[in-house]
Amino acid sequence: MAPATQTVNTTARLAALRDLMRGNGPVDAYVVPSEDQHSSEYLAHCDERRAFISGFTGSAGCAVITSKDAYLFTDGRYFLQAEKQLDGNWKLMKQGLPGVPSWQEFLAKNLEPSSRIGIDPTLISAADADSLKETLIPKKSQLVPIDMNLVDQVWGADRPARPKNKVFPLDIKYSGQPHHEKIKQLRDELTNQKVKAIVVSMLDEVAWLFNLRGSDIDFNPVFFAYAVVTHDTAVLFVNPEQVDEAVRGHLGRDIEVRAYDEFFAYLKRLVTELDASEDAPILISDKTSFAVDQAIGQDKVQITRSPVTDLKSIKNATEIEGFRQSHIRDGAALARYFAWLEEQLNNGVELNESQAADKLEEYRSQLDLYKGLSFTTISSTGPNGAIIHYSPDPSDCAIIEKDQIYLCDSGGQYLDGTTDVTRTWHFGTPTAEEKRAFTRVLQGHIAIDTAVFPNGTSGYVIDSWARRALWADGLDYRHGTGHGVGHFLNVHEGPHGIGVRIAYNSTALKVGMTVSNEPGYYADGRFGIRIENVVIVQEAQTPNNFGSKGYLRMEHVTMCPIQKKLVDLDVLTPQERDWLNRYHEETWEKVSPLLQNDKRALEWLKRECSPL
């Protein structure tokens, strides 16, 4: 994630893009989505097309450029960031607010009849393309696939090269399951769904399926690849320069390795070889690109949620134990960092947000099995904390003030797990308003942590539990309450989550799923509050079992104190006080043994974990 406050002059870029639009048909509008050809949330620098053309660097959003205007659509997490980054050429479309259309609705309703709308077919999913084409019919507009990406042509020689970093096997002592067993599970799904083959296009799904990892995208241990699995064959498409004999030996004879660039040509041949048809289709996921759909033939594909994403979301016993252990080690780095930061500020040392984040990365880098950060650290003081996905610009960021709230959202990648934790601190004297808001957020956090619910319940159903205490004060937050977390993979993982997006209602929470628990509150221009732990869905032992459904609970694995100074004790219930004391006791027991050589951190942890 790039710095959150710089503005880029996009006048020349938009002029060049509009020249290309006129030369392609012409097209009346050009759509620039956030995603790459694998529908990735986080991108390699060469795929940051929407950021290049608009100047907005948030991880979610879509740009629509017409002959005269330019629009940037994004959600509530990024309103403040987009307002700071977009120049005068752009209109910010605040999705989710009353009267603001989605970019798809905008194309269908706001453009002139018979408009031609250009898009790179690798950057929109087949499912979204089909839906969009339907909405354009009433105005006789059409979606026009343009294979040569127009933004790439504007970018020209300045566009970064695609990464080709080495791929490496993930040992079974960390993955917990051999890749040939995963492929067998996938083939069972092919049989169940009566399909001839599956195209695996999401990078984290490919990495998980073959127990391989890479480093082609910052913070995400993935590599550029596709896979095609039939009932008899499995083919991995990856740049040959990235694969050595260790990887080939790990894969074995049953996995064929082909060049990444051969993928689309192979697909076209495969359709004939398999005699694919409407009755015997090839399965592609709802995230797979329109270009893949076109290569196979729309009448020969079945679009559904990828079975790989469902298999991957249920962590096995080895992965779950890895999550526990990686979070305990991560907790030691956090304790060292917050103890150091508090001492620096008390001693009058001037530190900016970026310098502080660098120190936290230094402490994490000293931990066993560390492979890198899981995302850019959100190190934010005062008003910057209200920018939900803020990240400090090393050359121009705020000084951390002792008398302001400090929000730190960070995480690490380890061979045995991925961490994502947010803590909010005040190193001076918090105001009554800050304490009450913090306590309301804490109550929402505790509500999710202590939730017990029947099998079949989705995160959409329980999201309001995290907001109830905030709602009582007329407060809320503009983001989901929780996202899935990959195992030494992407920090954001589907298909499940806790939030108000109706899509979350399509996936029930299941035993073995990991999910973040991160309610918050953001006072625009003043401060931000968020408390985030990673939790694992587990079976609950209940006195009864109504409906014979079985019941579920959450096990928290994040081990870092929650600042008691920011808690308004008059607001907490006795049960919530007990929860906080028990959580701190557990944190002390698990993390303190790792701090025996850091007296400052050990004393800090003891104080912060003492009972209320």
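How many bridges join strand β22 to β23, and in which sense do the two strands run? The count is 3 bridges, and β22 (residues 482-484) and β23 run antiparallel. One of the facing positions can be named: Gly484 has Glu493 of β23 as its bridge partner. Strand β23 spans residues 493-498. This strand is mostly covered, with 5 of its 6 residues buried. The model shown here is predicted.

Now turn to a sheet elsewhere in the chain. Strands of a sheet pair through backbone hydrogen bonds, and they do so either parallel or antiparallel. Here, 6 strands form an open sheet with mixed pairing. Read across it, the order is β12-β11-β10-β8-β13-β14. The edges are β12 and β14 (301-304), and each of these pairs on one side only. From one strand to the next, the twist averages 20 degrees.

Look inside that sheet at β10 and β11. Strand β11 covers residues 234-238. It pairs with β10 in the antiparallel sense, over 5 bridges. Within this region, Val229 stands opposite Ala234 of β11.

Two packed helices are described by the angle between their axes and the distance between the axes. The axes of α8 (residues 179-193) and α9 come within 7 Å and cross at roughly 120 degrees. That angle makes α8 oblique to α9. On the α8 side, the contact is made by His179, Lys182, Ile183 and Leu186. On the α9 side, the residues are Trp208, Leu209 and Phe210.

Next come the aromatic rings. A pair of rings is described by the distance of the centres and the angle of the planes. The whole structure holds 20 aromatic pairs. Take Tyr226 and Tyr260. Their ring centres are 5.5 Å apart and their planes are at 20 degrees, so this pair is stacked. Tyr226 lies in strand β10 (residues 225-230), while Tyr260 lies in the loop between β12 (255-258) and α11 (263-274). The pair therefore ties together parts that are 34 residues apart in sequence. Tyr226 and Tyr260 are both buried. They also belong to one aromatic cluster, together with Phe237, Phe263, Phe264 and Tyr266.

Compare the geometry of Tyr337 and Phe338. Here the centres are 5.1 Å apart and the planes at 50 degrees, so the pair is tilted. Both Tyr337 and Phe338 are buried.

Helix α14 (residues 317-346) and helix α19 (residues 599-608) have axes that come within 8 Å. They cross at roughly 95 degrees. The two helices are therefore roughly perpendicular to each other. Phe338 is among the α14 residues that make the contact, as are Ala335, Arg336, Ala339, Trp340, Glu342 and Glu343. Helix α19 contributes Arg600, Ala601, Trp604, Leu605, Arg607 and Glu608.

Finally, some rings have an arginine over the face. Arg467 lies over the face of Tyr477, at 3.9 Å from the ring centre. Arg501 lies over the face of Tyr504, at 4.8 Å from the ring centre.

Conventions. Residues are numbered from 1 along each chain as its sequence is written. This is a predicted model: local features need pLDDT of at least 70, side-chain atom pairs count only at pLDDT 80 or more; totals for chains, interfaces and linings use all residues. Side-chain values use heavy atoms; hydrogens and water are left out. Rings of Phe, Tyr and Trp (its six-membered ring) pair if their centres lie within 6.5 Å; planes under 30 degrees apart count as stacked, over 60 as edge-to-face and the rest as tilted. Helices (H or I, at least four residues) and strands (E, at least two) are DSSP runs, numbered from the N terminus. Buried means under 20% relative accessible area, exposed over 50%, partly exposed in between (1.4 Å probe, protein chains only). A charge sits over a ring if NZ of Lys or CZ of Arg is within 6 Å of the ring centre and within 35 degrees of the ring normal. Two strands pair if DSSP finds at least two bridges between them. Axes are lines fitted to C-alpha atoms, for helices over the stretch in contact, and angles run from 0 to 180 degrees between N-to-C directions. Angles under 35 degrees count as roughly parallel, over 145 as roughly antiparallel, 65 to 115 as roughly perpendicular and the rest as oblique. Contact means heavy atoms within 4.5 Å.
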